[in-house]
Amino acid sequence: MARVRVQAEDFDVGRELESLTHGRTDVGGLASFIGLVRKTNDGQAIQGMTLEHYPGMTEKALEDICAQAHGRWDLIDTLVIHRVGPLVPGDRIVLVGVASAHRGQAFEACEFIMDYLKTRAPFWKREDTAEGSRWVEARASDDVAAERWKG
Amino acid sequence: MVTLLYFASLRERLGCSREQLALPSGNATVSSLVEVLRNRDGGWTEAFAPGKSWRVAVNQQMADLATPVKPGDEVAFFPPVTGG
């Protein structure tokens, strides 16, 4: 089972993670990742950013990534929440939560979901700096991180 | 006809977010659509020049130049993704 949400509003981390284990006694490990807006990128101060996405495809891509994770590891539940629209430094961007019987599976699946999200889910960041706004360039290191899950 | 969508920097560069396009005759693929776009004036030729880094999805699934395109399909072009 996997749940995916794309939304403008912030999320309550505690409540969302709690939802992965609430009423269950088979979860032995819950791994999570939270991505935040950093105040600098490529040496420049960031005043804010806007996240654009492809409505419809984004949700499908996230669901597909979670389904792949469920196929590769023995997971009980997964959750991905990703924000869109205007954000400022310190804001949360993304939450991934993975519940499993054992920690190893949860840690690996959480990292896999983030690596695939960064290279396959249709989101684009535009940063605002003192010199104007710029589209963030994709990083080769993200492709390398995703490649390691192949084979 | 197919629906074409453009996102992020590509959308801004082309000044277009959505359009309807008649399919090229014969067995259309993403490649034959790109050929049509590349033959347009202005920034289109440059944006779709060989070697340019863009991605394509057909009906909201990642695709490539060889992917077939049929009437009613939704074809989206966009830069490499930068979420997370």
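Q: Which residue stands opposite A:Arg5 in S6(A)?
A: This is a predicted model. Strands of a sheet pair through backbone hydrogen bonds, either parallel or antiparallel. Here A:Arg5 faces A:Ile81 of S6(A). S1(A) and strand S6 (residues 75-83) of chain A are joined by 6 bridges and run parallel.

Q: What is the strand order of the open sheet in chain A?
A: The order is S1-S6-S8-S2, 4 strands with mixed pairing. From one strand to the next, the twist averages 5°.

Q: Why is one side of strand S1 and of strand S2 of chain A left without a neighbour in the sheet?
A: Strands S1 (2-7) and S2 (29-36) of chain A stand at the edges and each has a single partner strand, so one side of each lacks a neighbour in the sheet.

Q: Which helix packs on this sheet, and which strands are touched?
A: Helix H1 (residues 13-21) of chain A does, touching S2, S6 and strand S8 (92-100) of chain A. The direction of H1 makes about 20° with that of S8(A).

Q: How many residues does the largest nonpolar core have?
A: That core has 51 residues. Those with the most contacts inside it are A:Ile65, A:Ile113, B:Phe7 and B:Ala76. Helix H3 (residues 103-120) of chain A gives the most to this core, 8 residues.

Q: What is A:Ile65 in contact with, leaving aside neighbours within four places in sequence?
A: The partners of A:Ile65 are A:Ile113, A:Tyr116, A:Leu117, A:Arg120 and A:Ala121.

Q: How many residues does each chain bring to the contact between A and B?
A: Chain A brings 23 residues and chain B brings 14 residues. On chain B, helix H1 (8-14) and strand S5 (74-78) each supply at least two residues of the side that touches chain A. By class, that side of chain B has 9 nonpolar, 5 polar and no charged residues.

Key
Residues are numbered from 1 along each chain as its sequence is written. Chains are lettered from A and ligands numbered from 1 in the order in which they are written. This is a predicted model: local features need pLDDT of at least 70, side-chain atom pairs count only at pLDDT 80 or more; totals for chains, interfaces and linings use all residues. Two residues are in contact if their C-beta atoms, placed from the backbone, lie within 7 Å. Ala, Val, Leu, Ile, Met, Phe, Trp, Tyr, Cys and Pro count as nonpolar, Asp, Glu, Lys and Arg as charged, and the others, Gly among them, as polar. A nonpolar core is a set of buried Ala, Val, Leu, Ile, Met, Phe, Trp, Tyr and Cys residues joined through C-beta atoms within 7 Å. A residue is buried if 20 or more other C-beta atoms lie within 10 Å of its own, exposed if 12 or fewer, and partly exposed in between; C-beta atoms are placed from the backbone. Two strands pair if DSSP finds at least two bridges between them. Axes are lines fitted to C-alpha atoms, for helices over the stretch in contact, and angles run from 0 to 180 degrees between N-to-C directions.
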